[in-house]
Amino acid sequence: APTGHHYRTRLTHTLEVSQIPRTIAKVLRLHEELTEAIALGHDLAHTPFRHAGERVIDSLMPGGFNHYEQSLRIVDTLENDGRGHNHRWEVRDGIAKHSKGKSGAPVGMAPALRASTIEGQIMRVADLIAYVNHDIDDATRAGLIKADDLPQDLVEALGTSSSARIGRLVRDVVSQTLEGGLTEIRMSKTVLDAVLGLRTFLFDAVYENTIATSEFRKATDILTGLWEKLRERPGEYLEARTIEQEGLDAALRDFIAGMTDRFAVRLFEQLFIPKPWTE
């Protein structure tokens with residue numbers, strides 16, 4: 001049955017991401033603990049195989065799926081042996097409104113679409129800063145792109161290294177937000193356009209290239225297979241209380257969305273790959 005340990009496997013990465021919003025909050029003299037609480041909770045529900053997994057579960061789950069709603073479900077309902085945690089509304093609001101999607105900007109949205117607190121608004125910006133830089137580093141190490149492939153005008157605007165880009169982006173957020181009187185989190189047009197340009201480049205060159213599409217098909221096969229097999233054998237793996245109170249689909253969603261990549265692959269092998277009778 002799904003328990004907190006599934007979600008805590010993501011904490012190593014989340015702790016790293018939380019350093020950026022906490023730094024911004026500290027310089028702006030905002031509520032650092034609130035900012036960090038939102039940062040630690042914002043991506044608890046990132047699925048196995050990241051965005052590919054989210055799309056698969058969204059297609060399988062009646063009513064759809066998104067990771068920020070599931071993150072809120074984890075802290076409200078699934079953690080603490082099904083009792084959830086009694087977080088302040090400011091934390092829950094920040095978790096629920098941190099996501100941007102492929103084309104969404106992290107600043108400048110209508111008040112109804114952004115977090116109600118400045119601390120919550122920091123997370124949208126920090127999330128974009130962290131993931132753009134991490135994904136450039138990961139794609140370079142994986143050989144999907146070379147440093148020279150990055151658009152040079154964007155590199156010149158933001159910096160040639162991950163640390164330089166993070167520093168440039170954080171300084172811009174701080175200076176622009178102070179200049180605006182701390183009414184909302186802001187970025188300059190030049191820096192915002194550059195980081196959104198890098199994200200668009202990554203979607204085209206990394207997330208949606210031929211290799212990524214092939215890997216998405218593999219992730220689809222694994223998660224679809226698990227969804228169907230676990231539906232046949234719910235008593236062995238799924239939370240009985242969730243099945244009784246919310247139905248089989250909700251229990252499937254919670255269990256599969258809480259997996260890491262390795263857990264999903266191992267379970268798929270266990271359920272689908274026959275073991276040799278002799279060594």
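In this predicted model, the backbone nitrogen of Gly120 lies 2.9 Å from a polar atom belonging to the side chain of Thr117. Thr117 itself is found in the loop that runs between helix 6 (89–96) and helix 7 (118–141).

- Thr117 counts as buried because its relative accessibility is 12%, and the cut-off for buried is under 20%.
- When residues up to four places away in sequence are not counted, Thr117 touches Trp89, Glu90 and Asp93.

**Ser162, a helix residue**

- Ser162 has its place in helix 9, which covers residues 162–179.
- The relative accessible area of Ser162 is 17%, and this residue is therefore classed as buried, given that buried means under 20%.
- Once its neighbours within four places in sequence are left aside, Ser162 is in contact with Asn133 and Asp137.
- With Asp137 there is also a polar contact, in which the side chains of Ser162 and Asp137 are joined at 3.5 Å.

**Helix 15 and its two sides**

- Which residues of helix 15 are buried? They are Ala264, Leu267 and Leu271.
- Seen down the axis of helix 15, these buried residues fall within an arc of 70 degrees, and so they line one face of the helix.
- An α-helix has 3.6 residues a turn, which means that residues three or four places apart point the same way.
- On the face of helix 15 that is turned away from the buried side, the exposed residues are Arg262, Arg266 and Gln270.

**The chain as a whole**

- The chain contains 15 helices and 0 strands.
- Of the 279 residues in the chain, 48% are buried.
- If we consider contacts in the chain between residues at least 6 apart in sequence, 71% of them join residues that are at least 24 apart.

Terms used: Residues numbered from 1 in each chain as written. Predicted model: local features only at pLDDT ≥ 70, side-chain atom pairs only at ≥ 80, totals over all residues. Heavy atoms only, no water. Helix = DSSP H or I, 4+ residues; strand = E, 2+ residues; numbered from the N terminus. Buried < 20%, exposed > 50% of the residue type's maximum accessible area, 1.4 Å probe, protein only. Contact = heavy atoms within 4.5 Å. Polar contact = N/O pair within 3.5 Å; in protein donor to acceptor, adjacent residues only side chain to side chain. Arc of directions from axis to C-beta.
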